[in-house]
Amino acid sequence: MRPYPALSLVLALACAMPALASDEAALSIADQATMTTEEPRDWRVFVEGALRETSRRATGAVSHGARLSIDLRYDKVVTPGLRAVFADRLDLNRYYGAPGDGNINTLKEAYLSWQPQPDRIADFGRINVRSGSAVGYNPTDYFKVGALRSVSSVDPASLRENRQGSAMLRGQALWDGGSVSALYSPKLADRPNSGAYNLDLGSTNQRDRWLVTASHKFGQFNPQLLLTGGEGQSAQVGLNLSGLLNDSTVAFVEWSGGRSRSLLSQALLSQALLSQVLLSQALGTADDARLRNRVAAGVTHTTASNISLTAEYDYNGAGLDKAEWDALRRGSLAAYGRYRTFASIAQDPATRHNLFFYATWTDALIKHFDLTAMLRYDAVDSSRLQWLEARYHWTKVDLALQAQVNSGKATSNFGALRDRRITQVLLRYFF
Amino acid sequence: MMLSALMLCIAFIASGVAQAAPNAQEILAKSDAVRNPDKPFSLTVTLVEYRNARQTGGNTLTVYSKADAAGGQFRSLIRFVAPARDMNKLMLKNGNDLWFFDPSSKASIRLSPQQRLLGQAANGDVVTVNLARDYKAALSGEESVQDGDRQQRMSHKLLLTGVSSDVTYHRVEMWIDVANARPVKARFFTESGQLLKTAYYRRYQMHLGTERPTEAVIIDGLDPNWVTVMRYSDYAYREIPEAWLQRDYLPRFRPE
């Protein structure tokens, strides 16, 4: 028996009153709300200005630069069943006291998509085909090779966004929970063209290639299988798989395997003047083609305060192990330089083992303020690339500060990068 | 004979009374039908967020929803319309299966339920949910509560407990109008019993044949000065093929 029922009631009411009062205040705010419902648009345009300070690794000399970028994306259903997509970016670069001035236009996408039925689609044109469930390295992203034309940030999100697609013909069929697509991308040019406004098909369509992708949902898993091949390349098989470990953690694995030469062999062979004899001297064998695997596996954990942390292990079976990498660093400077350039164009890690960490904190302490941090660690030569971004955004404007520090020995993977420190301030305006 | 007839009559009345006793799960299902159209549909959701009575954010989304023929739960495809930086990004939600797609990077990323894209509103707040499928309801009683339009409503108070692992909230208290099964108010709790948020469903208007709430006011459980107003408009029945509700269709999704 409760001795003081009246007191209990009063206490209960006293506890409830603040809640009711705050609910009333909240409802009053809602009463005053001016709700502007935006209409969907077919286009998105933004202009981005950046000021940059770099510190050279070799001399420590500080230089400054500026960039103005215009980025356009247009996506419209022109008639029922026919869709047109166009995406382009123009970077106007100026470097003060250093070479590198130049304008670079990147035609990211320009294609038509025909959908005669809801589950049958055909595409034709320049398309950015991207695959991969990992964050830092995507072994199954077969069309990343030669896709980067102008790099404004090392953030993986920026690298995925600012790249050029390949010219191709693609078809896709879908069904409940599954899909299969096939594409053919022909050779259209012999070599890359760095001309400011060139379509640069020599970077993306240097040889005939094909890709078949299939997926089907099984419970919470939605594995994706890929098979690709082309001129001068054995077939490669790929797999993407991700799943929930719990309410806050996603695990992912990405694998690609097939017979191929090492990255070094490909790099040296790509130099037309290099003879098989020199190649044998560099590699110890004229043909090192064998079954090679590439893997990226990791987890993304999100905390209650909406901080997402990704840890990923990257394995490149075509990259160099410690002994090979050390030998290359001690050997011919030309071969070393050629290898680094080739790996960079292919967006493949130069060495065999790498670790990748990525953290994003949305609304960090204050609303609309986001923090992002990235660390790439080369487990073969212990060099590091560290990158940090602080970004505040208003409705139409983003203001960001980015800092990048590359560290390691002079000829190590990240230590050899031209700049030791890069600091950038960016201002982006969305129209 | 008379006695038998009387007994039969009493038994019939008693069974009628038993049938008339409110069933919590049925009340919840009727309330779901008030919020959710009975065929695949789309609607526009406009969110405005306030901190200390000052507007701090806003989004416009288009939500496409279709009930799963097997389980009855809704699958939802959410298209970001505004602000411009998020334009045409997509989120696909099928239970705990959550995918996010950015047309700029062509990346389809699996999200965990903990990852929030919309500030205070959980991803589960903006999608269509049949609560009766995901929660076991118990009737706590009837009480008069003030609704979001400041009217007193005699309501069933239901206590909902999640029956599957993919529910957004572990426990919910919900008040449903006795007269017409309209949701009036709900309080959402964590597993440990902490109040996460309170929601008022208000401004009922006729849409697709039923009077439905056109606004939800969400009040944060810890900070009552954090308020999100969600307005629902442009209800329309839509053809949504099954093939669209999967990860591999996200790059393709482009409604006229």
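Predicted model: local features only at pLDDT ≥ 70, side-chain atom pairs only at ≥ 80, totals over all residues.
We may begin with the place where the chains meet. The contact draws 77 residues from chain A and 64 residues from chain B. Putting chain A and chain B together buries about 5,800 Å², and carbon and sulfur atoms account for 49% of that area. Polar pairing is also present here: 33 residue pairs are in polar contact across the interface of chain A and chain B, with both partners at pLDDT 80 or more. On the side of chain A that touches chain B, the element that gives the most is helix 1 (residues 5–32) of chain A, with 9 residues. The make-up of that side of chain A is 25 nonpolar, 27 polar and 25 charged residues.

Side chains of opposite charge can pair when their charged atoms come close. Over all chains, a search of the whole structure returns 49 salt bridges, and the count between chain A and chain B is 11. One of the pairs brings together R85(B) and D398(A), whose side chains meet with an N to O distance of 2.4 Å. Another salt bridge is formed by R202(B) and D31(A), where the closest N and O atoms are 2.7 Å apart. R202(B) belongs to strand 11 (residues 195–207) of chain B and D31(A) to helix 1 of chain A, so this pair joins two chains.

Attention now turns to empty space. Rolling a probe the size of a water molecule over the atoms shows where empty space is left. The structure holds 5 cavities of 30 Å³ or more. The largest cavity has a volume of about 530 Å³ and a lining of 29 residues. Nearest its centre lie R130(A), S131(A) and Q224(A), together with D248(B) and P251(B). Several strands each supply at least two residues of this lining, among them strand 6 (166–175), strand 7 (178–185) and strand 10 (233–246) of chain A, as well as strand 6 (107–111) of chain B. By residue class, the lining of the largest cavity divides into 10 nonpolar, 13 polar and 6 charged.

The second largest cavity contains about 120 Å³ of space. Its lining comprises 14 residues, and those nearest the centre are D75(A), R83(A), N88(B), P103(B) and F253(B). Here the lining residues divide into 7 nonpolar, 1 polar and 6 charged.

Some backbone details complete the picture. Most residues other than glycine have a negative phi, and most peptide bonds are trans. In chain B, a cis peptide bond joins A82(B) and P83(B), with omega of about 5 degrees. P83(B) sits in the loop between strand 3 (74–82) and strand 4 (90–94) of chain B. In chain A, Q347(A) is not a glycine, yet its phi is positive at about 55 degrees. The loop that carries Q347(A) runs between helix 7 (333–346) and strand 14 (353–361) of chain A. H368(A), which is likewise not a glycine, has a positive phi of about 75 degrees. H368(A) is located in the loop between strand 14 and strand 15 (369–378) of chain A.

Conventions:
Residues numbered from 1 in each chain as written. Chains lettered and ligands numbered in written order. Heavy atoms only, no water. Contact = heavy atoms within 4.5 Å. Buried area = accessible area lost by both parts, 1.4 Å probe. Salt bridge = Lys/Arg side-chain N within 4 Å of Asp/Glu carboxyl O. Polar contact = N/O pair within 3.5 Å; in protein donor to acceptor, adjacent residues only side chain to side chain. Helix = DSSP H or I, 4+ residues; strand = E, 2+ residues; numbered from the N terminus. Nonpolar A, V, L, I, M, F, W, Y, C, P; charged D, E, K, R; others polar. 1 Å grid on protein atoms, 1.4 Å probe; cavity = no way out; pocket = protein on both sides within 12 Å on 5 of 7 lines; lining within 4 Å. Points joined across faces, edges and corners; volume = space filled by probe spheres on them.
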